[in-house]
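Thanks for coming. Please have a look at the model on the screen, and I will walk through a few parts of it.

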Amino acid sequence: MAGPIDITGAMITTATPAGDWLAIVPIALPIIAGASLLMLRKRLHWQAPIAVATLALVSLATMALFVRVWTSGTVVMTMGRWLPPFGISFTVDVLGALFACTASLVALACGVAAVQSIERPARRYGYFPFLLLTSVGVNGAFLTGDIFNMYVWFEVFLISSFGLLVVGSTRAQLDGTLKYGVLNLIGTTLFLIATGYLYGVLGTLNMADIVRKVPQLDGAPLMTLAALYLTAFAMKAAAFPVQAWLPAAYHTPNVVTSAFFGGVLTKVGVYALLRVLVLLFPMQLAGLSGVMAWIAAVTMVLGALGALAQSDIRRMVGFLVISGVGVMLSGLAIGTGPALAGGIFYALHSMVALTAFYLLAGFIADRAGSASLHVLGGLSSVPLLTGVAFILMLCIAGLPPGSGLWPKIMVVRAALEAQHGWLTAAILVSSLLTIITLGRFFLLTVWRPAVADAVLAEGKRSSWPGPMLALTAVALLMGLYPEPFVQAASRAADGLLDPAAYVQAVFGGQN
């Protein structure tokens, strides 16, 4: 009789350490809760408590995951017991854990804000399940170690985000959802084409395996692949020249949805650019750096000019999101460790500060009955609004002691060291335009005497300011005590530039 079959060369035979299961908790929890809420869609009073409790548990799980990655190195969880690259791996390094942790905290803040902001009809049509499932896709994209799996998670959060955008079914929402959907579907189609092309060339989609195989190829169309990925992810990040969909769509839904989208979803595109171009195609990134620098510069300046031209606060914030993406792409274009660290830190700052600014815009609209700078004024009578608006103005403008100051300094310094003088000038010009934009916003809404006293008096009951205050406090903390964030961003950048530990964590002792 034949002896026992040795499967050690093909399958994982040892038990997965308990701590490594944290890699899938941020995905498993919200997908189970989201599916449960869909089944309980008629129990409207259960929707918000279950969603918020789930988002709170996900936030705790991502914080615990970050601590584990920070102390023990990259965490790998491979599905189906098949050894990589055949089993699909969730591979969490400092970069992925950092983005997932920040995004989960932002999602929690938006979930809490939605408790009072989202009305009964929107709950009936699935607002909270959509929010949870969008969080699933976002966390999956940050934590996966397989590039096709990343595409799958992109589709998950895109489909569920369509639901968040269209809940309410106003004419403006339908128009915004159509623009959002068409551009993002084109981007994900390019993503899928590039991934299929990559598999045809390399025969693998595991990121760690791609890192090992790309340097061995000579004459392969790697530059074409890198350009395809750049185009696809730039669409998702709302970078020039495919940025117009964002301000056309993000001002149309409930302000909590705008806050979540503006704070988190564009950063998924930035994260994908960092992960794919720096980790997988570093040589091709060097060849594309000039093009990326121009894309970054134009994105920054056009975003800031667009914000300056707006009279609606939510549209203004949408353009500020675009301008911030340009700063992040500047770090990617320069490509050095300090530049990447500055771009990563700026992404974290943008998640927190711009989400808070969207919530502030909603709070102002509730309090004053309008979000138009033409009619707002006299809000200095509301000290809470005045204080939050001033702090967020400093954070987003990159003025001390705001959270945007330090990452922008890091990127500017890296640009000067790399002798990118014109890119430095673009960063400074966009910063000046942003300061003017936010100064104008503050003067018109706070210091100008009330233009429409009747509107202000008849404003709706203000939503609960707790999530907005919590995010503003975090943004201020990032500015006052930036050292931990600089250290985390620097370590994340180092992990991208030197992927040896990432590959070793996935393959261990395999050849």
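Predicted model: local features only at pLDDT ≥ 70, side-chain atom pairs only at ≥ 80, totals over all residues.

Which helix gives the most to the nonpolar patch? Helix H2, residues 44-72, does, with three residues.

Residues are numbered from 1 along each chain as its sequence is written, and side-chain values use heavy atoms, with hydrogens and water left out.

Helices (H or I, at least four residues) and strands (E, at least two) are DSSP runs, numbered from the N terminus.

Leu57 lies in helix H2. Leu57 counts as partly exposed because its relative accessibility is 46%; buried means under 20% relative accessible area, exposed over 50%, and partly exposed in between (1.4 Å probe, protein chains only).

Next, the charged pairs. How many salt bridges does the structure hold? There are five salt bridges, each being a side-chain nitrogen of Lys or Arg within 4 Å of a carboxyl oxygen of Asp or Glu.

Take Asp93 and Arg275, whose side chains meet in a salt bridge at 2.7 Å, N to O. This pair links distant parts of the chain, 182 residues apart: Asp93 sits in the loop between strand E2 (89-92) and helix H3 (94-117), and Arg275 in helix H11 (residues 255-280). Are these two buried or exposed? Both Asp93 and Arg275 are buried.

Asp175 and Lys179 form another salt bridge, at 3.0 Å, N to O. They are separated by about one helical turn because they are four residues apart in helix H7 (residues 171-202). Asp175 is partly exposed, at 36% relative accessible area, and Lys179 is partly exposed too, at 35%.

In helix H16 (residues 405-417), Glu417 and Arg413 are four residues apart, so about one helical turn separates them. Their side chains meet in a salt bridge at 3.4 Å, N to O. Glu417 is exposed, with a relative accessible area of 53%, and Arg413 is exposed at 58%.

Now helix packing. Helix H13 (residues 313-334) packs against helix H14 (residues 337-368) at an angle of about 175 degrees, with axes 8 Å apart. Axes here are lines fitted to C-alpha atoms, for helices over the stretch in contact, and angles run from 0 to 180 degrees between N-to-C directions. H13 and H14 are therefore roughly antiparallel to each other; the cut-offs are under 35 degrees for roughly parallel, over 145 for roughly antiparallel, 65 to 115 for roughly perpendicular, and oblique for the rest.

Last, Ile396, in helix H15 (residues 383-397). Ile396 is buried, at 6% relative accessible area. Ile396 and Val321 are 75 residues apart in sequence and 9.7 Å apart in space, C-alpha to C-alpha.
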